2 protein chains.
Amino acid sequence: MSVAPAGLLTVEAARDAVLAVAEPVGTETVAAGDALGRITATTVTALVSLPPWPNSAMDGYAIVAADTTGAAEAVPVTLRVTGDQAAGAAPTVPVTRGTAIRIATGARLPAGADAVVPVEATTPLDEAGRLGSRGRDATGPCPNAILVHEAVTAGGSVRAAGSDLEAGAVLLEPGRALTAAAVTLITGAGVENVRVHRLPRVAVLATGDEIRAPGEPLGPAGIPNANGPGLRALVTAAGGHAIDLGIATDDLAEVRGHLRDGLTQEADALIVSGGVSVGPYDVVKTAIESIGRIDLWRVAVQPGKPFAFGVAERPGGGPPVLLFGLPGNPVSSAVTFELFVRPAIRAMAGRLDVLRPVDRAVLGEAISKSHGRRAFLRVEAERDDTGAPVRDGHGRVRVRLAGGQGSHVISALAAADGLAVIPEANDELPTGAEVALWWLDRA
Amino acid sequence: MSVAPAGLLTVEAARDAVLAVAEPVGTETVAAGDALGRITATTVTALVSLPPWPNSAMDGYAIVAADTTGAAEAVPVTLRVTGDQAAGAAPTVPVTRGTAIRIATGARLPAGADAVVPVEATTPLDEAGRLGSRGRDATGPCPNAILVHEAVTAGGSVRAAGSDLEAGAVLLEPGRALTAAAVTLITGAGVENVRVHRLPRVAVLATGDEIRAPGEPLGPAGIPNANGPGLRALVTAAGGHAIDLGIATDDLAEVRGHLRDGLTQEADALIVSGGVSVGPYDVVKTAIESIGRIDLWRVAVQPGKPFAFGVAERPGGGPPVLLFGLPGNPVSSAVTFELFVRPAIRAMAGRLDVLRPVDRAVLGEAISKSHGRRAFLRVEAERDDTGAPVRDGHGRVRVRLAGGQGSHVISALAAADGLAVIPEANDELPTGAEVALWWLDRA
């Protein structure tokens, strides 16, 4: 599957060469509560046990379990209520045999108690020994005593200290993405700040005499700038911080000036779209060579050529600044980004999962492609009424082409859910053929 | 599946009641290039056709196709080169019979031409009629004439105006999330600004005498604030703008003050965690009733009670401010958020897909749960070495419990990939049973 015609690189060979020089760009400390989506740079451990002390799982009464031996609905035992334990307060009165302390859910278990009887299993007694109503509610004045209508075992309705996790336990390994639940976990375990990878700064420059900024009249031969905003959005979706270097015409000094601007803005990577083919107006390669070195790569992929990659020295030292020359064509540009730039950004961001998970799909229509190149077709998945992909009896997603597969057809790119990967060796595939599927990011 | 015991609401009934009052909160205009992740509020149409004018798909020569009739490798036809057409420039010289204009990829096709012959199929001739090398490269001085070695059909290597899409075509329907490819599409079609839904402002207040702010000593009975940061992260992941209202003790005036602060900050929804059960220290309900109305709901769900929901009038008018009272327990709080708050935030954000897609999973171990309640178990999916979920022969994801299912076990919540949905009627399910699976957001 990964054999390319002589003189062409396979996708893997090209990607490996990029990833060989894509290093994490640095780390920073952020408040744990603001760390959603960030990638851990170090192991995060619990500072306190969860729960920190034994507490009540119910509204009820903290008791000595042995006092309830033999208790039953019709044969309750009576316990004297000696106090009221709220959450957040330090217990002051211990529980002794024959006594109970009313306790709220989450409140710390008083010394001496080894169980909680839920309020539902008790009936309150007032000072005069009058029965209240079999209690659902734990509100109101504290009763003088209670009847307990069931036998409780030691540990019942008690969450032991450290029963979720112990102080010092590993919460997150390095390289883990902080989900909302991970934020809950680390803040709950007393972690105030977390060391995370810095977001890679990725500067985007669109080039071409025909490219017009938003609002600029197109004139007889201009086209709106799609690659600049499109690539910045892809950078953001990949987990980078996008920097807008604007538009440069096919003028050597102008392209060079914009690239130097990118270095001044401390970019970790520069992406230039357009101007890397072999046409007479392609000055990008020459401009890039004024700040680093770059090679035009011939990769056996469709769509995707031309693609240029190189590195520049980082002003002030450190890992090299990565230089990407992408096709001017928005579809080729997006696919080349997906293949080579996204993995590099994720590696620079400290992620361990730099590549897409590979799903299995089945083609809903016959396709054909260039021989000897791996094709990444823009496809749409069939979905059920919940929005979940429909899978066939083998668990494979049913996909169809999202539109025309010409490399200028942006509408099909926008309609696509994913990329179907067609191996180099297949010139065509029939309806029903199985292919690998990469899901694209949904916003 | 959705039948709840008498006196309890089903998850659907509770969610439908919430969604009945969750309206989009408003719209705003943003630059198309900054719209990644936003939700369209109106139909977005193409302002220009793509491509705007016929252009060349190759580096080559713009010609009249009929001139090449009969041309072949050994029988080339000769065409006089009368100009050089760069991208971004308006063509000035038309192509006439017997002539050709050198053209770059993406450049506008000159008048008179109806095809492009790729440079690879030509040999340049200089002024003296000397043959140059059969051309790959389209660089260097423009030749005087060319030999064309193949017959070209009309339209060959030309991208017709509007062949991707026509001006006025619908690019995005209302309620569509703007992916990176959608940003490429609309900017490419000349759209400068786009009307999107405003992000709902969702204020989060953690309550409880036991809750301590980051850095504050826990003392004998304090616990770190996990719900505040955890819920704010959930709000952000759901597509809302999170507002931090801090921590309130179980004091009526204090809770009320924080809630009023939320209204002052123009919150579209307020989430209060803790203090909505029936314990003696629960002042949240009373506090909420000072700004709106709220009901304690009994939902047949595990984990998840207590849950309170209501509305307040919006100061200044407009759709009501939604009021959510969630359990103080972080796991119950997160699951209740998932069931009721996330759909509301997505509805307020103008999304059409407010609920999770429902996948199919198979249990890797036997489970048991409370009778008559729908359970949402925190589960981990088995994954292959690409990170894709492993599916069985029926396409079902293999899942296992992510850890203890007690409602205080945050570690299992953080380890979970998804929620396995166990119907009310099942008290237990054996290994191999099929269940519905909701994937949770991965960061």
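Predicted model: local features only at pLDDT ≥ 70, side-chain atom pairs only at ≥ 80, totals over all residues.
Student: How is the size of an interface often given?

Tutor: As the accessible area lost when the parts come together. Here chain B and chain A bury about 6,600 Å² between them. Carbon and sulfur atoms account for 63% of that.

Student: How many residues does each chain bring to the contact?

Tutor: Chain A gives 91 residues, and chain B gives 91 residues.

Student: How many salt bridges are counted between chain B and chain A?

Tutor: A salt bridge pairs a side-chain nitrogen of Lys or Arg with a carboxyl oxygen of Asp or Glu, within 4 Å. The count here is 2. One of them joins Asp34(A) to Arg232(B), at 3.9 Å from N to O.

Student: And how many residue pairs are in polar contact across the interface?

Tutor: The rule finds 11, with both residues at pLDDT 80 or more.

Student: Which elements of chain B supply the side that touches chain A?

Tutor: Those giving at least two residues each include strand 5 (77-85), strand 15 (223-224), helix 3 (227-237) and helix 7 (410-415). Helix 2 (180-188) is also among them. Helix 2 of chain B has the largest share, 8 residues.

Student: What is the make-up of that side by class?

Tutor: On chain B, the side touching chain A has 44 nonpolar residues, 27 polar and 20 charged.

Student: How many disulfides does the structure hold?

Tutor: Over all chains, 0.

Methods. Residues numbered from 1 in each chain as written. Chains lettered and ligands numbered in written order. Heavy atoms only, no water. Contact = heavy atoms within 4.5 Å. Buried area = accessible area lost by both parts, 1.4 Å probe. Polar contact = N/O pair within 3.5 Å; in protein donor to acceptor, adjacent residues only side chain to side chain. Helix = DSSP H or I, 4+ residues; strand = E, 2+ residues; numbered from the N terminus. Nonpolar A, V, L, I, M, F, W, Y, C, P; charged D, E, K, R; others polar. Disulfide = S-S within 2.5 Å.
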